[in-house]
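Trainee: I would like to look closely at a single part of the surface. Please take me through it slowly.

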Amino acid sequence: MKKDIHPEYHKVVFLDTSSDYKFLGGSTTTSEETIEWEDGNTYPLIRVEISSASHPFYTGKQKADKVGGRVDRFKKKYNLS
């Protein structure tokens, strides 16, 4: 790898704003906001709108599409059996 061309990779705290879930991870993004983590250290705070704590796929609250395929929708639209 070439030197001095890659962004600095460091630990940050991600905050899911929709569920107030926080987790510590690594990133190249930075922030002016900081937060004190459980280990007593202060890390930059990155606010995200969705994470595994609020995403429907991971929470099991996703809506299942019970409607059939194209043929079923066509038959239903034109009252065909």
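Trainee: Which residues make the nonpolar surface patch of about 330 Å²?

Mentor: The patch is made by F74, Y78 and L80. This is a predicted model, where local features need pLDDT of at least 70 and side-chain atom pairs count only at pLDDT 80 or more, while totals for chains, interfaces and linings use all residues. Residues are numbered from 1 along each chain as its sequence is written, and side-chain values use heavy atoms, with hydrogens and water left out.

A patch takes residues with over 30% relative accessible area and no salt bridge, and joins nonpolar side chains (Val, Leu, Ile, Met, Phe, Trp, Tyr) within 5 Å and like charges within 9 Å. A salt bridge is a side-chain nitrogen of Lys or Arg within 4 Å of a carboxyl oxygen of Asp or Glu. Areas come from the Shrake-Rupley method with a 1.4 Å probe, and for residues only the protein chains shown count as cover.

Y78 lies in the segment after α2 (70-77), helices being DSSP runs of H or I with at least four residues, numbered from the N terminus. Y78 counts as partly exposed because its relative accessibility is 47%; F74, at 47%, is also partly exposed. Buried means under 20%, exposed over 50%, and partly exposed in between.

Now the rings. The whole structure holds three aromatic pairs. F14 and F23 form a stacked one, 5.2 Å centre to centre with 25 degrees between the planes. Rings of Phe, Tyr and Trp (its six-membered ring) pair if their centres lie within 6.5 Å; planes under 30 degrees apart are stacked, over 60 edge-to-face, and the rest tilted.

How values were computed. Helix = DSSP H or I, 4+ residues; strand = E, 2+ residues; numbered from the N terminus. Buried < 20%, exposed > 50% of the residue type's maximum accessible area, 1.4 Å probe, protein only.
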